[in-house]
Amino acid sequence: MSLSLTTILSLNLLLLLVNVNSSTMDPYKTLNLILNPNGTVTRLETYPQSPPSPDPNLPTPALSKDLTINQSKHTWARIYLPHKSPKSKLPLIVFYHGGGFIFYSAASTYFHNFCANLANQTQSVVVSLDYRLAPEHRLPAAYDDSVEVLHWIKTSKDPWLTRHVDYSRCYLMGESAGGNIAYNAGLRAASIVNEIKPVNIKGLILIQPFFGGTKRTPSELRLEKDLNLPLIVTDSMWNLSLPLGVDRDYVYSNPTVNGGGKILDKIRLFGWKVAVFGCDGDQLVDRQRELVKLLEGKSVNVVGQFYSGGRHGIFVGDASMSEKVFDLVKSFY
Ligand SMILES: *[C@@H]1O[C@H](CO)[C@@H](O)[C@H](O)[C@H]1NC(C)=O
Ligand SMILES: *[C@@H]1O[C@H](CO)[C@@H](O)[C@H](O)[C@H]1NC(C)=O
Ligand SMILES: *[C@@H]1O[C@H](CO)[C@@H](O)[C@H](O)[C@H]1NC(C)=O
Ligand SMILES: *[C@@H]1O[C@H](CO)[C@@H](O)[C@H](O)[C@H]1NC(C)=O
């Protein structure tokens with residue numbers, strides 16, 4: 001088996017190192033975390049990070065800079081602006097990174113590169129949120145942050161936003177756990193559309209979103225021991241990120257409970273476009289197909305983009321698959 005550099009840099013590094021055969025079922029061990037006596041955790045893996053690059057003379061795909069969202073929560077965002085700003089204003093993409101709610105940041109090279117290319121290739125301003133991670137901050141902390149950034153965008157006087165953003169064309173996008181966050185941020189935003197004006201959401205782009213449930217799906221069983229994303233890893237991530245005392249059939253992890261909720265009717269009425277990306281080599285694929293079916297049943301304008309083969313993480317980790325996402329975004333515009 002040969003591993004490309006992209007693969008090495010991706011979440012797969014973590015997942016190849018985890019103790020898949022752990023019989024202890026200790027979620028901290030499985031995820032290579034140490035639980036400290038004072039309640040904090042130490043993450044034993046580190047991932048490459050990239051600094052922001054605001055210098056227009058550097059040959060980057062897009063300019064970037066970091067701005068504080070809420071100091072008391074240590075949340076911030078990395079903002080991306082295409083190099084040649086056209087005269088007309090650009091759509092805005094709010095991006096939520098992946099990592100099982102537990103790992104990575106908006107500064108991770110893996111997501112930084114994706115967002116810079118996304119900004120350039122789709123000619124969008126991208127706001128990539130560094131939300132609070134579990135298990136220090138269990139859900140709904142990340143959802144709270146994911147909506148707080150929309151309020152921040154509304155009030156921010158930063159010139160990259162005020163000069164270059166068409167607030168009437170806003171999309172929420174996320175990958176893996178970030179796809180789950182984008183979906184839940186969308187549900188929350190749909191109930192407060194007047195509060196976040198002029199920020200106007202037009203769609204959700206969910207890339208291999210991380211969802212779960214107690215009853216195993218065929219793809220979870222088929223790919224249970226898949227080294228790329230074994231079931232024990234996703235189980236552990238839920239155990240450390242869901243609120244204490246709930247199981248995977250909670251609404252945060254399983255969007256099909258309660259038939260998806262009444263808010264989906266609003267999303268249909270608003271005419272939001274929803275795209276769900278997935279591939280057969282990902283144990284999560286059946287949950288992603290279920291979500292598409294749920295939204296279709298609600299007559300939401302949803303498109304499923306499913307591919308054969310592949311693996312979890314391929315749409316960020318593999319440039320040719322990232323193109324599929326960029327093409328979809330351009331078709332939405
Ligand atoms: C997750 O939590 C459940 C309930 O406490 C437990 O039965 C299960 O073994 C845990 N799984 C992992 C992988 O930690
Ligand atoms: C908690 O313990 C860890 C590991 O010993 C240490 O690095 C960290 O600073 C401590 N944090 C607090 C808030 O005491
Ligand atoms: C920006 O995107 C265009 C295609 O839209 C591409 O031709 C160009 O190489 C990209 N620039 C960089 C620096 O990646
Ligand atoms: C920042 O977070 C704190 C703590 O949750 C909250 O009380 C405050 O309202 C937030 N500030 C803003 C500007 O949203």
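**Rings and ligands**

Tutor: Let us begin with Y110, which is buried at a relative accessible area of 10%, where buried means under 20% relative accessible area, exposed over 50% and partly exposed in between, with a 1.4 Å probe and protein chains only. This is a predicted model, in which local features need pLDDT of at least 70, side-chain atom pairs count only at pLDDT 80 or more, and totals for chains, interfaces and linings use all residues. Residues are numbered from 1 along each chain as its sequence is written, chains are lettered from A and ligands numbered from 1 in the order in which they are written, and side-chain values use heavy atoms, with hydrogens and water left out.

Student: Why is the pair of Y104 and Y110 called stacked?

Tutor: In general, rings of Phe, Tyr and Trp (its six-membered ring) pair if their centres lie within 6.5 Å, and planes under 30 degrees apart count as stacked, over 60 as edge-to-face and the rest as tilted. Here the ring centres of Y104 and Y110 are 5.9 Å apart with their planes at 25 degrees, so the pair is stacked. Y104 also counts as buried, at 7% relative accessibility.

Student: Which residues do ring pairs link into a cluster?

Tutor: The cluster joined by ring pairs consists of Y47, F95, F103, Y104, Y110, F111, F114 and F326, and a search of the whole structure finds 19 aromatic pairs.

Student: Are F210 and W238 buried or exposed?

Tutor: F210 is buried at 2% relative accessibility, and W238 is buried with a relative accessible area of 2%.

Student: Which residues surround ligand 4?

Tutor: A residue counts as near a molecule if one of its heavy atoms lies within 4 Å of it, and around ligand 4 these are N70, S72, K73 and E148. A polar contact is a pair of N or O atoms within 3.5 Å; an oxygen atom of ligand 4 lies 2.3 Å from a polar side-chain atom of N70, while for the side chain of E148 the distance from a ligand oxygen to an N or O atom is 2.8 Å. Of the 360 Å² of accessible area that ligand 4 has on its own, the protein covers 33%, as computed by the Shrake-Rupley method with a 1.4 Å probe.

Student: What lies around ligand 2?

Tutor: The residues around ligand 2 are N36, N38 and T40, and an N or O atom in the side chain of N38 is 2.5 Å from an oxygen atom of ligand 2.

Methods: A polar contact is a pair of N or O atoms within 3.5 Å; within protein, one must be able to donate a hydrogen and the other to accept it, and residues adjacent in sequence count only if both atoms are side-chain atoms.
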